[in-house]
Amino acid sequence: MYIAASRTSDVATGTERRTALKRVSANVVALGMVSLVTDVSSEMVTAVLPLYLVLGLGLNPLQFGLLDGLYAGATAVVRVLGGHLADRWRRLKAVAGFGYGLSAVCKLGLIAAGSSVAAIGVVLAADRTGKGLRTAPRDALISLSSEPDALGRSFGVHRALDTVGAFLGPLVAMAVLALSLGSYTSVFFTSFCVAAIAVLLLTLFVRDRPGALDRAAVSARAAFRLLKESDFRRVTLWAALLGLVTVGDSFVYLVLQRRWEIAATFFPLLPLGTAGVYLVLAVPLGRLADRIGRWPVFLGGHAALCLALLLLCGPATAVLAVVALGLHGVFYAATDGVLMAAAGPLIPAGLRATGMAVVQTGQAVARMLSSVLFGLAWTVWDLRPAVLGATACLAVVAFAAALVKPVRP
């Protein structure tokens, strides 16, 4: 009976996923496949970079925090520019494609940088510049290719496909490291080849869908005028405040590695725990957000991150490590696409890329500062006080955001 019930559940889950795919446009699925392949490439690098910088080059937490902040915040300068140009030129696909191409070339830059921390910093900044240019136009394409009442589902499907790549990337990185006898250069070159395939997929299968707003109405001033709209301004502000008190992924994995004394060989596997849960929950939580409201789901994700951080300060048992990684995946499944689904309806179609870029820029700047501050706290106070302090700040801001309710049902 248990086996029959399990098979019935599996069939139901498969049916739900096929139904979700049928209800989103082919353009969203194509963008999801581009993101899938791109994430295989980027997560190959992300999986080995913290280990390479901290254990290989000997950076302390503050130095790593500065580089991680640069990695997260370099997109901030160009996100609004990318969104504005995409709307202004009415070429969402072209601007996104340039961003994907730039990030691909930067994988070769990591090879040229060698062991120079300064050169690595420049290459990482350029790589994130490519991400900053492509993210808002891509999310605008998803939004403009979807029905308003299915935005959460559309973003959920896209993020689920994206997360398949995030899941595969560390595995590919480990395989390349094993076959090349620990050669990081081989990882970076393979990452470039995979990223080039993603650019080709974008070129062949994604259709452009610019907004209907007159080109003359798209200006830098129009982007700032969006912030005069109270609903949009509140979403942007609270998303930035929550980003300021969010501990970055790399630090979460480094805390796990330090506290649980995980061998360097297995370090690239840590993101798989996050990615696996994200993959399973992205579509269901997107649908839930469409049904009960996107802001409650968004805040629920931050509550999951609070619990994950608390577990990182608990006893160093295998069960707590697995649960913490799972909650980290819940955080991303409940926040990444859901925030864009919440912001999308507040922005005119012709300014969709620009408006989303404004929200994303606020988050990127805040997370850049967060990485630097957390690295400083770890250096000055040590690991556990820094994590507990970050958890307390996140809980306070999330509770305040729940009381304010910046997004109306």
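The largest cavity in this predicted model has a volume of about 1,200 Å³. Residues are numbered from 1 along each chain as its sequence is written. Because the model is predicted, local features need pLDDT of at least 70 and side-chain atom pairs pLDDT 80 or more, while totals for chains, interfaces and linings use all residues.

**The largest cavity**
- A cavity is a set of points on a 1 Å grid over the protein atoms alone where a 1.4 Å probe fits but cannot get out.
- Its volume is the space filled by probe spheres set on the points.
- Lining residues have an atom within 4 Å of a point; of the 46 here, Arg-128, Lys-131, Asp-249, Tyr-332 and Arg-367 are the closest to the centre.
- Domain 1 (26-208) and domain 2 (219-408) both contribute lining residues, so this cavity lies between them.

**Two packed helices**
- Helix 7 (residues 151-179) packs against helix 8 (residues 184-205) at an angle of about 135°, and their axes are 8 Å apart.

Conventions: Side-chain values use heavy atoms; hydrogens and water are left out. On a 1 Å grid over the protein atoms alone, a cavity is a set of points where a 1.4 Å probe fits but cannot get out, and a pocket is an open set with protein on both sides within 12 Å along at least five of seven lines; lining residues have an atom within 4 Å of a point. Domain bounds come from an automatic or database domain assignment. Axes are lines fitted to C-alpha atoms, for helices over the stretch in contact, and angles run from 0 to 180 degrees between N-to-C directions. Helices (H or I, at least four residues) and strands (E, at least two) are DSSP runs, numbered from the N terminus.
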